[in-house]
2 protein chains.
Amino acid sequence: MNFFSYLNSDDISYVHQSSLEILEEVGLQVRNEKARKRFAEHGAIVNHETEIVRLPATVVEKYRALVPPTITLRGRDPAFDVTFPRELPVFATASSAPDIVDPVSGVTRRSRSDDIARIAHLVNELPGFDVFSISTLADDAPRDQFSLTRFYAALKNCVKPCRTSVYNIREAEQVIKLGELIAGSKEAFWERPFINFGYCAVVSPLTMDFDSTDTLMYFAENGITAYGTIAPMGGLSTPLTLPGMLVIMNAEWLAAATLAQMSRAGTAQIYNFLPVFADMRDGAYAPGAIEVGMMNSAVCQMARFYNVPAGGYLGLTNSKVADAQAGFEKGMSPLMGAMSGADFIVMGGLQDALMTFDFGQATIDNEIAMMIRRVREGFGFSKEAASVKEIKETGPAGMFAANPATLEHMLTTSFMPELADRKLREHWELEGSSTIQQRALNKAYDILSVSNPVALDPDVDARIRAEFDGLVAGDAKLQQGWKRLDIGSNEPQRERRPNRRRKKQRL
Amino acid sequence: MNFFSYLNSDDISYVHQSSLEILEEVGLQVRNEKARKRFAEHGAIVNHETEIVRLPATVVEKYRALVPPTITLRGRDPAFDVTFPRELPVFATASSAPDIVDPVSGVTRRSRSDDIARIAHLVNELPGFDVFSISTLADDAPRDQFSLTRFYAALKNCVKPCRTSVYNIREAEQVIKLGELIAGSKEAFWERPFINFGYCAVVSPLTMDFDSTDTLMYFAENGITAYGTIAPMGGLSTPLTLPGMLVIMNAEWLAAATLAQMSRAGTAQIYNFLPVFADMRDGAYAPGAIEVGMMNSAVCQMARFYNVPAGGYLGLTNSKVADAQAGFEKGMSPLMGAMSGADFIVMGGLQDALMTFDFGQATIDNEIAMMIRRVREGFGFSKEAASVKEIKETGPAGMFAANPATLEHMLTTSFMPELADRKLREHWELEGSSTIQQRALNKAYDILSVSNPVALDPDVDARIRAEFDGLVAGDAKLQQGWKRLDIGSNEPQRERRPNRRRKKQRL
């Protein structure tokens, strides 16, 4: 398949060359002294007083060429490790919402570590998600165990790659200690370090802050899997044009990639962004806007130019509920990314502009991810699939239903949704006229009401709890009071009345 | 921009060649004698007993080459005529639902002519729709005025191109008479025939029925704008593979195009389909499935090969309500078509697999159409838009909000939705925690509660009513009892409190 693209090769060159020019002439403000020194040692022109670091094009070109073409995110179970680019995009949940829609009351509240445990269990079971980027913060985390709490609840209940950011190196070390305890030993962990970190590589425009830059260098030095995200706000922290935002993002990514390679050559990266334009009517943060998908399309092209994996936050609705707005905002920008060749799509579970997690939304998003996967699986063109012989044999006014080939392709031609309703109206009404959100909540309930088969071994858990005083429980027990809604099963209708209402073909 | 594509040029050739082979060796069953004779007169091999018409490849190649590269759909007001392909896709509502969700009771009921009048008024005002494909049937139509009733209510209230199918030539003649009365004279109408028809070109597999084929020839002979749609059901009326469905659809389109050109050389056509796979778990009709978008992508490629406009029914949800399912099914397949180069996207207003029209859904779909239009408007790459000078001048840690360029691009960079909510949660809750469906219904109310400025001139209307005894009223008066919901305005929030809850950049 040929991906959709906006830019021609001249455009791409221009973005690259302009980025080099900006980094060389204007540079970045780097608020971390160690980073400034590292830049200086490797050929940058540094003014420690103004904190401005200017990067000669030759330096950037030298280091960005060291970025490897693939990245591997590892899970507690190696069977779930993902290396990409691969044929299908890798899907992740979106992370770090401060709030959650309580599945019992339906009211939004601060999220807690037990929520993370349940979400981890859910994500582990949903086939659409390859990576669990930890969906929420944890309001109940002990003060000195903030990131530890989040990773503990996640890793305890999910064997897929888990990933989030930490505030500083102290937090990272605590999380890595957790990893070593889970692995059984320091050596076992470092043989296959299955904890993945994120960081905010650059604060637009052209600024590296202290902590993020500190962790960036720390991860690279120690060979820990981590990748940055650059999240500008067009019209405030970048020009208010798509090309202008692309240029500044690209310059920023090059600077961060350069520092990572200076820290350790061959450090894997993702060309990864969350490019949002402000709604200029009132300055609202609008990650649900279609322009996020359009920017991602250009991101995919630049990533191919640099031969690194293309990633991005997509499908981030501004809606506070799983209504039609959430549906089209969730579906459209990730599809746009996928059709542009995105390798890594961060899109699941959040509402209200990354502020709130919702169990129903996450389960709906899983189905959207499966649809997008179907798109990338391809059309399956072959002479055999073109079925010319079958068409000739079946002939005019014939019927294909009973053909052996039909039986053979029954389960593979179409993606078969679990949540999308395709029933006759009469059946749907009989079962309670449900919305997909209600069916999705029931599916989450069905998963979470069974105890988690991949929960951490109790002995391992005891070792962890002995190490960290006051650690949260981190168990994925079904939230008290959560009841299954009485709206029938999610199965398609098995008995089908003759469809008397199917209208004549009058289009 | 470069469109997404699944097929390479060998695949396209193979589809074309196989289609020719099928038409030559197996042919079609043609149930209309006049059509069989016309085929025979132009070189086809016809068996009048079996009704099988076989088309030598040379015959098909000769006539399909006569299909013009563009088509024009005309409206009552010539300012709304659309000729395509053009840079942006042409959007139409989807047509002919038997039912409507009553905007007052919320309950589904049979649709009537007064509903068509209101929908026509609404569509006339919604900028996302270029063409009003008449959304519903009319349960109150007098027996001998079925299609006349639908066209009358539509044309009376909408100056954009109106279009639907008719049962037979008698109906078509009645509708054309209506057109002549509106135009003021026969001559005036035929100078710019602003009524557009549809027909079901071929019933899959490979069958031409009596009435559709009759109208196809009638439209072509008389130079009336009309285009066919082929609507197979994969696994029943076509092979259960995407390539197999494409081959049979393509053969069918070539046959219909050939007959149209034999009827009048240069008859404009659209390469237009509604390709739906049955859900093989229970045979459900699943136009909301993503495979409809995938098929459309291949349709776009074949249309470019034949140098004719590419069209299709897309965004046809199976959901019965405007929930997240309706949202992603409405958004994803039309976007897929648009990114594959679709010229004509039929997508607005219907739910429940084309069975039901909903005012809220139509208004939501208008906004989806506007988003897709934004995607096709393009990235706007230029050296000026890349803003390198502005980036350098603003510098690290600078602020772009006050730059003159920001002011200049304020209204053009991003699509600004009316219905998609981007408010802070506190504001949204204060205004009633609305869904987009509720806001959409209010927008429809706001449009329909103002009297329609484009309603037919009363004198013209009197002439029409004198001609057709017992004609329905056809007025777009707001349905009695329809009240605006108390959920605030659809405006973005004007006063913005400092966003204390906007979380730190922790991705």
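**View 1. Helices α1 and α3 of chain A pack against each other in this predicted model.** Helix α1(A) covers residues 9–25, and helix α3(A) covers residues 57–64. Their axes lie 9 Å apart and meet at an angle of about 120°. That angle makes α1(A) oblique to α3(A). The crossing is right-handed. From α1(A), the contact uses H16(A), L20(A), L23(A) and E24(A). From α3(A), it uses A57(A), V60(A), E61(A) and R64(A). Sorted by class, the residues of this contact are four nonpolar, one polar and three charged.

**View 2. Helices α11 and α12 of chain A form another packed pair.** Helix α11(A) runs over residues 324–339, and helix α12(A) over residues 359–377. The angle between them is about 30°, and their axes are 10 Å apart. The contact holds eight nonpolar, three polar and three charged residues.

**View 3. Three strands of chain A make an open sheet.** The order is β14-β16-β17, and the pairing is mixed. Strands β14(A), residues 233–234, and β17(A), residues 284–285, stand at the edges. Each edge strand has a single partner, so one side of each has no neighbour in the sheet. Strand β16(A) spans residues 276–279. Two bridges join β14(A) to β16(A), and these strands run parallel. Look for G234(A): it stands opposite F277(A) in β16(A).

**View 4. Four strands of chain B make an open sheet with parallel pairing.** The strand order is β6-β19-β18-β15. Which strands stand at the edges? They are β6(B), residues 90–93, and β15(B), residues 271–273. Each has a single partner strand, so one side of each is left without a neighbour in the sheet. On average, neighbouring strands are turned by 20° against each other, direction ignored. Strand β18(B), residues 310–313, pairs with β19(B), residues 344–348. Their pairing is parallel and uses three bridges. Within this pair, Y313(B) stands opposite V346(B) in β19(B).

**View 5. Two helices of chain B lie across strands of the four-stranded sheet.** Helix α10(B), residues 290–306, lies across β15(B) and β18(B). It runs at about 160° to β18(B). Helix α12(B), residues 359–377, lies across β6(B) and β19(B). Its angle to β19(B) is about 150°.

**View 6. M399(B) sits in a loop and touches chain A.** The loop lies between α14(B), residues 388–394, and α15(B), residues 404–409. Which residues does M399(B) contact, leaving aside its neighbours within four places in sequence? They are L236(A) and T394(B). Now find Q29(B), which is 370 residues from M399(B) along the chain. The C-alpha atoms of these two residues are separated by 69 Å.

Terms used: Residues numbered from 1 in each chain as written. Chains lettered and ligands numbered in written order. Predicted model: local features only at pLDDT ≥ 70, side-chain atom pairs only at ≥ 80, totals over all residues. Heavy atoms only, no water. Axes fitted to C-alpha atoms, helices over the stretch in contact; angles between N-to-C directions. Parallel < 35°, antiparallel > 145°, perpendicular 65-115°, else oblique. Left-handed = near helix turned anticlockwise from the far one by under 90°. Contact = heavy atoms within 4.5 Å. Nonpolar A, V, L, I, M, F, W, Y, C, P; charged D, E, K, R; others polar. Pairing = 2+ DSSP bridges.
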